Amino acid sequence: MRINKNHFNLIENYLFSDVANKVKKYSEENPNKKIIKLGIGDVTLPLCNAVIDEMKNAICEMGKKETFKGYGPEEGYLFLREKIQSYYNKKGVNLKTDEIFVNDGAKCDLGNILELFSVDNTVLIPDPVYPAYVDCNVMAGRKIKYIDANRENEFLPLPSEKDKADIIYLCSPNNPTGAVYNHEQLKTWVNFAIENDSIILFDSAYESFIEDKNLPSSIFEVEGAKKCAIEFCSLSKTAGFTGTRCGYTVIPQKLVFENQSINKMWKRRLAAKFNGVSYIVQRGAAAIFSELGQQQIKNNIRYYKENAKIIANALDELNIYYTGGINSPYVWLKCPNNMKSWDFFDFLLQRANVVGTPGAGFGKNGEGFFRLTAFGDRANTIEAVERIKANIKSN
Ligand code: PLP
């Protein structure tokens with residue numbers, strides 16, 4: 001028996017544990033200081049009532065012989081896939097229900113999908129980025145190329161000849177930068193993928209934060225994308241499902257490589273490895289797409305977006321460069337006075353008692369940048385921003 005030695009190529013990501021350790025040490029040494037965390041990547045508002053009511057109904061059904069449900073379809077119940085289908089329809093994207101696969105969150109499928117592709121493929125990943133893409137490919141032993149996201153390209157890199165790769169990860173709205181690709185930019189990526197026989201793995205986990213109607217919230221709004229892309233979406237940030245777990249993956253029928261339907265391959269893989277998401281959770285997820293559910297989740301999203309705006313306004317006032325904050329819950333800022341990410345982390349913690357996330361933890365291009373998030377409480381966000389302003393102005 002031999003183990004997969006690729007695992008030893010994983011670089012330990014100490015980002016969040018280092019942050020937690022520094023905060024713990026500081027608060028032990030300064031027990032009277034109120035520390036405000038704007039580094040949170042998790043939601044803080046509870047599930048909306050429409051979801052809770054529907055899950056309660058589903059639980060009651062599970063307790064009666066006549067309505068009890070055992071194993072469901074591994075690709076998700078049709079009632080939920082139809083809701084997702086009409087959600088896409090409103091964006092002008094026509095999908096068949098068998099192009100939609102319900103999952104227990106986007107993270108699993110973003111990694112699991114790689115099982116369909118040869119390990120000889122080269123992968124292109126933007127830097128900085130959500131770390132899971134890199135880790136999953138390192139574990140599989142794939143060659144990774146990086147494309148630089150930086151201030152010059154507003155953290156929205158576009159491909160050139162040197163970026164040719166078989167598998168391309170894109171994330172828009174982006175974590176950590178909050179940057180969002182427009183139609184023309186996504187079209188450039190789609191054309192590039194088609195020309196080079198590549199597949200795009202498009203992570204749209206934050207699509208519900210897009211308020212600018214001119215920005216695409218699905219790659220399938222771009223012509224040709226059904227021939228080269230898979231979309232991964234999550235209900236985690238959209239509807240507070242980080243702990244409840246539900247998302248969906250869209251694999252178009254037109255997606256064919258080496259004469260094989262990727263949709264069919266994925267369906268076969270699911271049948272072998274997955275028994276579907278719990279009925280109760282899928283009922284809750286379906287409620288998100290009802291009129292009442294949409295109203296209620298939009299209230300929560302509005303709350304987070306208002307927090308983001310409060311942070312962004314402060315940066316405007318301080319004349320600090322940033323991306324995100326408008327169509328995203330993340331604000332990605334240039335550390336003032338050319339500070340390095342961790343130096344700015346220490347500065348904010350010690351001077352303003354505010355915690356954020358050092359950009360260096362998301363890739364080499366994150367050095368000198370910093371991520372603040374909108375998932376905190378309103379009063380705390382306002383207080384944190386006032387403290388940040390006061391300390392940067394007096395520095
Ligand atoms: N994709 C991105 C870009 C994320 O930031 C996250 C979570 O933070 C995920 C996917 C994971 O989503 P889920 O909770 O649906 O697994």
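This is a predicted model: local features need pLDDT of at least 70, side-chain atom pairs count only at pLDDT 80 or more; totals for chains, interfaces and linings use all residues.

To see the two parts, color residues 5–47 plus 293–394 as domain 1, and 66–291 as domain 2. Their C-alpha centres sit 26 Å apart. The contact involves 34 residues from domain 1 and 43 residues from domain 2.

Together they supply 19% of the area that domain 1 buries against domain 2, more than any other three residues.

Now for the charged pairs. How many salt bridges are there between domain 1 and domain 2? The count is 2. While you're looking at salt bridges, select K364 and D148: they form one, and their closest N and O atoms are 3.0 Å apart. Across the interface there are also 21 residue pairs in polar contact.

Which elements give two or more residues to domain 1's side of the contact? Pick out α10 (291–318), β11, β12 (330–334) and β15. The largest share, 7 residues, comes from α10. Sorted by class, that side of domain 1 has 14 nonpolar, 15 polar and 5 charged residues.

Last stop: the sheet. Select its 4 strands, which run in the order β11-β12-β15-β14 and form an open, antiparallel sheet. At the edges you'll find β11 (322–324) and β14 (357–358), each pairing on one side only. Zoom in on β14 and β15 (residues 369–373), which are joined by 2 bridges. Click P358, then look for its bridge partner in β15: that's F370.

Note on methods: Residues are numbered from 1 along each chain as its sequence is written. Side-chain values use heavy atoms; hydrogens and water are left out. Two strands pair if DSSP finds at least two bridges between them. Domain bounds come from an automatic or database domain assignment. Contact means heavy atoms within 4.5 Å. Buried area is the accessible area (1.4 Å probe) that two parts lose on being put together, summed over both. A salt bridge is a side-chain nitrogen of Lys or Arg within 4 Å of a carboxyl oxygen of Asp or Glu. A polar contact is a pair of N or O atoms within 3.5 Å; within protein, one must be able to donate a hydrogen and the other to accept it, and residues adjacent in sequence count only if both atoms are side-chain atoms. Ala, Val, Leu, Ile, Met, Phe, Trp, Tyr, Cys and Pro count as nonpolar, Asp, Glu, Lys and Arg as charged, and the others, Gly among them, as polar.
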